[in-house]
Every structure is written in C-alpha cells, then in structure tokens.
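I opened this entry to keep track of what I looked up in the model. The notes follow the order in which I went through the chain.

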Amino acid sequence: MAEMTLKIGGHAFKNPVFTASGTFGYGDEYEDIFDPALLGAVCSKGLTRFPREGNAPPRLMETPAGLLNSVGLQNMGIEPFICEKVPQLIEKGISVIANIAGHSTEEFAEMASLCNESPGILAVELNVSCPNVKEGGMAFGIRRQSVSEITGACRKALQKPLIVKLSPNVTDITEMAEAALESGADALTVANTLLGMAIDVEKRAPAIHNVFAGLSGPAVKPVALRMVYQVKKAFPHAVILASGGIVSTRDALEFFMAGASGIQIGTGLFRTPDLPLRIIRGLEEFCDENGMRTVSGLTGLAIKEMS
Ligand SMILES: Cc1cc2nc3c(=O)[nH]c(=O)nc-3n(C[C@H](O)[C@H](O)[C@H](O)COP(=O)(O)O)c2cc1C
C-alpha cells in the first residue's frame, strides 16, 4: 500500500485528503456516515473572534455545476470552539485544522495565538478572503501587502504549522502566493470561492440577500486547477492544498499532477457525503496500480519542465 502521509510545517497528517472549511461543520457532524478520524484533517468552519449569526437568507443557491454561498461566517466563535468543541474532537481522534477569519491583522494574530493553547489544533488556516474592516471592507486576500501583513503577524504569534488560504479573485495568484510564502506560510490552500451572483428575474432583484456570493463546485475546477499549476510552477517547493470542485478521484489526481500535495473536499460532500473516503481509497488504488510507493510522487507530474 502506498505511503499516504503529508507533512506540513513539521506535522505529519495521516493522509492528504482534508475536508474544506464551511462544508463539514466543526468536525463530527458527519460521524453517522463515516469516521472523520480517517481523514487527513478536518478544516473547521471559519472561526471569528466572537460568535456570528451570518448573513440573512437567501444565502445559498445552486447553479449549473456549482453552488453560490453567502453564509457570512456563521460560527460559535473561536473560544467556545477551543474550549468546548476541540476536546470532543481530540477524544474521537479527529485531526483538526482551525480556519480563522479576522477583521484586522491584530485580530488574526490574536486568534492565531489563542490556537497555541489548544493541543488538539494541529495547524491554522488563514481565510484571507474576508473583509478588512479598516480598509472599507475590501478582502485582505486581493492585496499583496495585506496578505504579507496577516501572514507575518500570524507567523510570529503561532507556534504551529501555518496555512494561508488564497483568494482566487485576483489577477495574478502567484503574487499572493509569493507574499504568503515569503512571510512564513508553511502551506497554501489554492483557492477559496470565486465571487459570483445570480438574479431572481421574477423579483427583478439579486437572488442572494447579500447580492454577491462565493461560487464553488465543479464549475470552478478548471480555474482552481490552473491556479494550483501556476503556483507550483512558480514556487516548486510550495506545499499546496487544492480546493475547488473536487468530486471524484480523477479530479483529485488532476490536482496532484498539477502540483498539489493535498486536497480539500467541499461542495462535493453535499451530494456524496462519504466522498473523502472514496477518494482516499481511489488514490491508494491508483498508486498501487501504477507502482507508486508514495502519494507524494504524484505531485506536479503533469507540470511541463518539472516532469
Ligand atoms: C457553504 C460553504 C461555506 C464555506 N465557508 C467557508 C469558510 O467559513 N471559510 C473558508 O475559508 N472557506 C469557506 N468555504 C470555501 C470552501 O472551503 C472551499 O474552499 C470552496 O468551496 C471550494 O471548494 P469546493 O468547490 O470543493 O467546495 C465555504 C464553502 C461553502 C460551499
């Protein structure tokens, strides 16, 4: 059987298949369907400093091959997550990555530092797609300077592996990747949802209460795949977690071959709740059938000049 571990900043995750933030609850909601301890890790729902109710409905809408969401970071807040939820998850053997979203650089750093005190949190993922309150609500992740600042501040505050989840809503993803890597990120998640919208023709109004929403699912896969390829080609040593439209082992294989070292499964869970397990088995089988001793051997195989 192929070796499946994935190392990020000194921590070895048991396999490279994670669930994506916001699509798998806090980590144990799916346990009637499969044992979440079998996953490489669970990325928590996006956590904020204080509890949030999220945006008003309608905030979810299916599109051809995709999903629009504008949940607006509804969550219990980081302290209840650390004090109440993480101890339960540790007991169940679930590997937890805390996905955090701050309103300012200082708030990001404060939350990162709170994670140091929770042994069950194995790594922190920064959601830089959230709005920067001090800069009029513009997403942090679309400015190189903000990505550098948040990553640098969290790197100083955190004594655990640090993952930066990039926004795809930029002209040049490699610029943001460089900013995060230079400022101390151990890995990059490529990428969050693409900004989109829908119109309710009968109401002559936007279909989503918040007007704009994040597009995910198979519709975004070619875009996410292109970004993974670009980032890996520009930074061959970067550890990339691919996120965007993965719904089959074949999709996962494409992302590995484009340069990913691990994958995150999100929207695909809503149609096939045990999808991560199927993909873990599918990757093991592919490696065995192709005489590969490690899943990491797949990374970047399709990159021209690298293979
Ligand atoms: C309903 C929903 C909620 C999400 N919430 C978050 C979140 O809180 N934090 C975050 O970083 N990403 C969030 N995402 C983005 C996903 O983690 C993932 O990066 C994105 O959906 C692309 O992957 P997919 O096509 O496999 O879903 C959310 C996505 C969906 C569909």
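I began with strand 3 (residues 17-19), which pairs with strand 18 in the parallel sense over three bridges. This is a predicted model, and I read the pairing from it as it stands. Phe18 is the residue opposite Gln264 in strand 18.

I then checked the other partner of interest. Strand 17 and strand 18 run parallel and are joined by three bridges. Here Leu241 stands opposite Gly262 in strand 18.

Which residues of strand 18 are buried on one side, and which on the other? I found Gly262 and Gln264 buried on one side and Ile263 and Ile265 buried on the other, so that both faces are covered.

I followed the pairing onward and got a closed barrel of eight strands in the order 3-4-7-8-11-12-17-18, with parallel pairing. The twist from one strand to the next averages 25°. The bridge partner of Glu125 in strand 11 is Ile163.

Helix 8 lies across strand 3 and strand 18, and I noted its angle to strand 3 as about 170°.

Four strands form it in the order 5-6-16-13, open and with antiparallel pairing. Why is one side of strand 5 and of strand 13 left without a neighbour in the sheet? Strand 5 (60-63) and strand 13 (194-196) stand at the edges, and each has a single partner strand. The twist in this sheet averages 35° from one strand to the next.

Strand 13 runs antiparallel to strand 16 (residues 213-216), and three bridges join them. Leu195 has Gly214 as its bridge partner in strand 16.

**Helix 6**

How many of the 10 residues of helix 6 are buried? I counted seven in helix 6 (residues 249-258), which is mostly covered. They are Asp251, Ala252, Leu253, Glu254, Phe255, Phe256 and Ala258. The buried residues pack against helix 5 (221-234), strand 17 (240-243), strand 18 (262-265) and helix 8 (275-289). Gly259 follows helix 6 and has a positive phi, near 130°.

**Met227**

I picked Met227, whose place is in helix 5. Is Met227 buried or exposed? I have it as buried, because 28 other C-beta atoms lie within 10 Å and the cut-off is 20 or more. Leaving out residues up to four places away in sequence, Met227 touches Pro168, Ile173, Val190 and Ala191. Its C-alpha atom is separated by 28 Å from that of Lys156, 71 residues apart along the chain.

Most residues other than glycine have a negative phi, and most peptide bonds are trans. I listed the following departures.

- Pro57 and Pro58 are joined by a cis peptide bond with omega about -5°; Pro58 is in the loop between strand 4 (41-43) and strand 5.
- The Val190 to Ala191 peptide bond is cis, with omega near 10°; Ala191 is in the loop between strand 12 (187-190) and strand 13.
- Arg204 has a positive phi near 50° and lies in the loop between strand 14 (199-200) and strand 15 (205-206). Arg204 is exposed, with 7 other C-beta atoms within 10 Å.
- Val211 has a positive phi of about 70° and sits in the loop between strand 15 and strand 16. Val211 is exposed, with 12 other C-beta atoms within 10 Å.

**Ligand**

I counted 26 residues around the ligand, the closest being Ala20, Gly22, Gly46, Ser216 and Gly266. The shell divides into seven nonpolar, 17 polar and two charged residues.

**Whole chain**

I closed with totals. The chain has eight helices and 18 strands. The C-alpha atoms fill a box of roughly 55 × 45 × 40 Å along the principal axes. Buried residues make up 48% of the 307 residues. Of the contacts with a separation of 6 or more, 70% are between residues 24 or more positions apart.

Key
Residues are numbered from 1 along each chain as its sequence is written. This is a predicted model: local features need pLDDT of at least 70, side-chain atom pairs count only at pLDDT 80 or more; totals for chains, interfaces and linings use all residues. Two strands pair if DSSP finds at least two bridges between them. Helices (H or I, at least four residues) and strands (E, at least two) are DSSP runs, numbered from the N terminus. Axes are lines fitted to C-alpha atoms, for helices over the stretch in contact, and angles run from 0 to 180 degrees between N-to-C directions. Two residues are in contact if their C-beta atoms, placed from the backbone, lie within 7 Å. A residue is near a molecule or strand if its C-beta atom, placed from the backbone, lies within 6 Å of it. Ala, Val, Leu, Ile, Met, Phe, Trp, Tyr, Cys and Pro count as nonpolar, Asp, Glu, Lys and Arg as charged, and the others, Gly among them, as polar.
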